[in-house]
Amino acid sequence: MTGKFTNQKAWFLVLPVVVLVAFNALIPLMTVVNYSFQESFGNNIFFWEGTKWFEEVLHSDRFAASLGRQIVFTSIILAIEIPFGVAIALSMPRKGPWVSVCLVLMALPLLIPWNVVGAMWNIFALPDIGLLGKTLNALGFDYDYTQQPISAWFTVILMDVWHWTSLVVLLSFAGLSSIPEAYYQAAKIDGASSWAVIRYIELPKMKRVLIIAFLLRFMDSFMIYTEPFVLTGGGPGNATTFLSIDLVKVALGQFDLGPAGAISLIYFLIILLTCWLFYTLAMKDEAQ
Amino acid sequence: MKRAKPFVPAFYIVFLMLPIYWLLNMSFKTTNEILGSFTLWPNNFTLENYTTIFTDPTWYNGYIDSLTYVGINTVISVTVALPAAYAFSRYRFMGDKHLFFWLLTNRMAPPAVFALPFLQLYSEVGLFDTHIAVALAHALFNIPLAVWILEGFMSGVPKELDETAYVDGYSFPRFFIKIFIPAIIAGIGVAAFFCFMFSWVELLLAKTLTSVAAKPIAAVMTRTASTSGYELGLLAAAGSLTIIPGAFVIYFVRNYIAKGFALGRV
Amino acid sequence: MSKISLRQLKHSYLKNPAGDEDWALKSLDIEWSDGGAYALLGPSGCGKTTLLNIISGLLVPSSGRIEFDDVDVTEIPPEQRNIAQVFQFPVVYDTMTVYDNLAFPLRNRGVSDRDIGPRVGEIARMLDLEGTLHDKAAGLTADAKQKISLGRGLIRAEVNAILFDEPLTVIDPHLKWVLRSKLKEIHRRVGSTMIYVTHDQTEAMTFADQVVVMHEGTVVQVGTPIELFEKPHHTFVGHFIGSPGMNVLPCDFGGGGPCFAGHPIAAAGAARPAAGYKRLEIGVRPEFVSFSDHGIPVEIEKVKDAGRYRIVDTRNGDVRIQLLVPEGMSVATGSAHIQFDPGHTQIYADGWIIGEAAL
């Protein structure tokens with residue numbers, strides 16, 4: 001941050017971004033805030049309701065249940081994908097022709113439209129004609145994700161691991177490839193074990209990208225909508241109805257604008273606060 | 001020279017490829033074979049599903065629509081992000097840090113929150129069911145990311161480059177286009193890649209903001225899944241085709257992906 | 001502490017090296033005597049870092065042997081060679097304190113904490129790191145980090161050799177000489193062999209008793225700084241050492257002696273070269289060229305003031321000849337004549353000096 005000089009005219013350079021993002025973010029956000037404090041009976045007639053919707057949402061079992069499912073889902077996802085992704089990145093070759101092959105193949109799931117991911121796993125996991133479903137049943141597991149909540153959760157989590165672990169791998173790999181060769185050479189001369197190399201060189205150097213990986217995976221898994229929606233439709237029952245699926249049902253399905261507005265704001269706030277808290281805690285060491 | 005455990009990534013890649021293989025497998029099967037038996041590869045190999053997609057305008061228009069709004073979005077996002085990223089990387093100005101943070105918070109907004117307000121906003125301004133509506137909506141999520149990535153790359157370019165150019169009598173726009181952009185072309189590639197990626201894979205907003213004229217391929221697929229019953233082969237073929245643009249883009253930026261991640265600043 | 005010998009050492013980074021240019025090192029035979037301070041000098045890409053990494057064991061040479069006190073260590077891994085190496089960019093373990101950094105190599109070798117404490121204290125005292133022992137290593141300045149890297153090498157008793165790979169690259173200019181004299185001091189106290197890789201001739205000359213000059217994978221000369229200056233064994237050494245570098249002029253053997261542009265030149269030990277050379281050259285440093293009343297006619301092109309002397313660019317035909325003129329002596333303009341000091345004029349065939357015993 002050193003060496004920058006103050007120039008208020010720089011505002012002109014950021015103006016297009018500010019205008020575009022403000023148009024896109026502020027107007028809809030105002031709309032949401034507006035709804036969340038009012039009652040509508042159609043025909044654009046609104047009545048001031050104060051914090052009624054917020055109280056209703058916060059006391060509703062439905063919201064609590066979706067939020068609970070969301071938290072459990074995101075926790076499981078993070079607990080699997082972060083260590084798994086780091087482990088894969090650590091065991092990847094650092095240079096040579098195989099690096100490109102690995103990166104291209106691993107990045108592939110990241111660029112498949114989310115509904116296609118859902119559809120793909122839908123087909124892959126079907127108990128009668130899907131490779132996964134058929135195999136699991138042949139191995140003696142009673143598996144049917146359209147009927148059993150446990151199977152559905154297993155499938156949704158496996159799908160997310162399939163879809164997103166590569167992001168963690170790519171980030172970790174980027175962090176690893178920025179470590180100068182001299183660190184490994186010095187460690188060799190110092191007689192460090194390979195575990196010590198991971199513990200004292202590789203993990204500390206990956207810290208920054210791991211923070212990014214954690215934040216991105218937290219945000220995106222907390223907002224997940226399309227893949228489970230296509231795969232299970234939120235079912236069986238409400239077993240895989242996560243926050244976004246629930247919100248879309250309320251907003252676009254039932255057109256309950258007030259509760260939808262209130263849910264939206266609470267939802268957004270939870271993500272913002274968690275990111276801020278995590279980031280502050282993670283960077284505390286650096287600041288000292 | 002270093003500990004190599006090639007079987008770990010190999011194993012992982014096999015795991016990644018299995019569902020994709022299954023999708024391809026399905027796409028070359030007839031509906032009868034799909035429903036009638038469980039086969040590990042197509043016994044009655046057919047291209048019929050692909051023929052349907054390439055001859056039926058509702059199908060192939062879906063691809064054209066998707067690629068159109070993805071393209072518009074990438075161009076808009078990168079174009080407006082460039083000057084902004086330059087401002088953040090070179091100057092200090094009133095509210096710069098808050099602005100940067102505010103931009104990033106938009107990346108944390110769930111699309112589901114914006115679906116309904118976007119629908120109303122774009123209907124109000126008469127953009128509903130146009131490519132530009134989807135492109136603008138996606139820009140909300142892509143611009144912050146593009147600014148962030150580009151700022152990282154630009155901070156890596158020494159300030160002396162700017163100063164030398166100004167001393168040589170370049171005006172700002174001429175310097176920016178002739179000298180600065182070529183210097184960070186890799187960063188632009190990475191930013192464009194991420195914009196393409198998000199816009200190409202997102203469905204909720206794209207589906208909500210379109211009905212007929214600009215319907216993305218992803219939405220055409222959902223409709224097929226729900227209305228025309230059990231045409232799994234067709235669905236699999238359509239899905240397989242959506243993998244191709246992504247694979248292309250990854251191949252071209254493969255050397256920059258890892259770097260792009262590393263250079264962004266938290 | 002030991003003597004290090006390299007025997008017919010060759011190395012290539014390719015699996016199947018074919019041509020000459022595929023070899024990073026082309027057959028080296030060097031003996032580094034115990035306790036010496038050596039500099040390995042050469043431009044980047046000449047193979048000096050490769051050589052250093054072979055000595056420390058990070059690289060296994062394609063062929064040839066490396067011996068410590070006549071014991072073959074070619075295949076022995078770095079951690080067992082008892083070598084310290086300091087790299088171009090400081091390497092410290094960021095999450096550890098300075099104390100833990102210094103103790104790390106000992107802990108890896110299973111030394112008990114009771115023995116580690118006094119040893120770390122001793123090394124920290126030697127390197128002036130006592131005040132920061134319990135700070136995180138990550139927050140320190142570059143020179144302190146380089147000291148830690150060095151300390152991690154010194155911490156093991158009886159280091160065979162300390163290797164430096166351009167260790168002052170990232171150090172602030174005003175701290176460079178502080179750290180360099182620290183290295184000298186440590187050399188005196190510890191007495192182990194030190195090999196210092198650099199591309200900077202001043203650094204090499206001030207650090208080392210013996211300078212090894214490398215060029216394109218071969219050692220072109222080993223000698224004291226004065227030998228390198230007065231009698232370069234290869235035109236490359238003449239170019240690379242000294243500022244400005246040696247004049248290298250085309251030469252032919254007419255009338256029984258070396259000639260430049262038709263003028264006979266008196267040179268030290270100017271025996272007729274054996275047949276079969278492709279190129280014959282005269283080498284003379286600008287310090288040993290002077291104006292005279294007769295001799296080689298030149299046009300004076302440019303005079304640069306360099307403080308205690310002036311650098312004069314002259315030209316004979318297409319050939320540029322530089323000479324140094326001490327302060328206070330006048331320089332003519334236009335045409336002049338110059339002559340060479342015969343005691344410091346050498347003849348080179350295909351780059352190598354002739355009329356001298358080979359190294």
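**Notes on the model**

1. Let me begin with chain A, where buried residues make up 44% of the 288 residues. This is a predicted model, so please read every value below as computed from it. Chain A has 13 helices and three strands, and its C-alpha atoms fill a box of roughly 75 × 70 × 30 Å along the principal axes. Among the contacts in chain A between residues at least 6 apart in sequence, 70% join residues at least 24 apart.

2. On confidence, the model scores ipTM 0.84 and pTM 0.79. For chain C, the average pLDDT is 84, and 95% of the residues score at least 70.

3. Chain B comes to 13 helices and one strand. Of the contacts in chain B with a separation of 6 or more, 78% come from residues 24 or more positions apart.

4. How do the chains meet? Two pairs of chains are in contact, and chains A and B share the most contacts. Chain B and chain C do not touch, and their nearest C-alpha atoms are 10 Å apart.

5. The contact between chain C and chain A takes 19 residues from chain C and 15 residues from chain A. On the chain C side, the elements that give two or more residues are β6 (83–86), α2 (98–108) and α4 (142–154) of chain C. The largest share of that side, three residues, comes from α2(C). By class, the residues of chain C that touch chain A divide into 10 nonpolar, five polar and four charged.

6. A helix I would like you to look at is α5 of chain B (residues 96–107). It has 12 residues and reaches 18 Å from its first C-alpha to its last, close to the 16 Å expected at 1.5 Å a residue. Which residues of α5(B) are buried? They are L99(B), L103(B) and R107(B). Seen down the axis of α5(B), the buried residues fall within an arc of 105 degrees, so they line one face of the helix.

7. Staying with α5(B), the face turned away from its buried side carries the exposed residues K97(B), H98(B) and F101(B). What covers the buried residues of α5(B) includes α1 (10–36) of chain A together with α7 (131–155) of chain B.

8. Chain C is assigned two domains, with domain 1 at 4–230 and domain 2 at 237–353. The centres of domain 1 and domain 2 of chain C, taken over C-alpha atoms, are separated by 38 Å. Their contact takes seven residues from domain 1 of chain C and five residues from domain 2 of chain C. On the domain 1 side, β10 (218–223) and α7 (225–230) of chain C are the elements that give two or more residues. The largest share of that side, three residues, comes from α7(C). By class, the side of domain 1 that touches domain 2 has four nonpolar, two polar and one charged residues.

9. Some backbone details in chain C deserve a check by eye. As a reminder, most residues other than glycine have a negative phi, and most peptide bonds are trans. The peptide bond from S243(C) to P244(C) is cis, with omega near 0 degrees. P244(C) lies in the loop between α8 (235–240) and β11 (247–250) of chain C.

10. Phi of Q8(C) is near 45 degrees, a positive value in a residue other than glycine. Q8(C) is found in strand β1 (residues 4–11) of chain C. Is Q8(C) buried or exposed? Q8(C) is exposed, with 11 other C-beta atoms within 10 Å.

11. Phi of E166(C) is also near 45 degrees, again a positive value in a residue other than glycine. E166(C) sits in the loop between β7 (161–165) and α5 (173–190) of chain C. E166(C) is buried, with 20 other C-beta atoms within 10 Å.

Terms used:
Residues numbered from 1 in each chain as written. Chains lettered and ligands numbered in written order. Predicted model: local features only at pLDDT ≥ 70, side-chain atom pairs only at ≥ 80, totals over all residues. Domains from an automatic or database assignment. Helix = DSSP H or I, 4+ residues; strand = E, 2+ residues; numbered from the N terminus. Nonpolar A, V, L, I, M, F, W, Y, C, P; charged D, E, K, R; others polar. pLDDT = per-residue confidence, 0-100. Buried ≥ 20, exposed ≤ 12 C-beta atoms within 10 Å, placed from the backbone. Expected span 1.5 Å × (residues − 1). Arc of directions from axis to C-beta.
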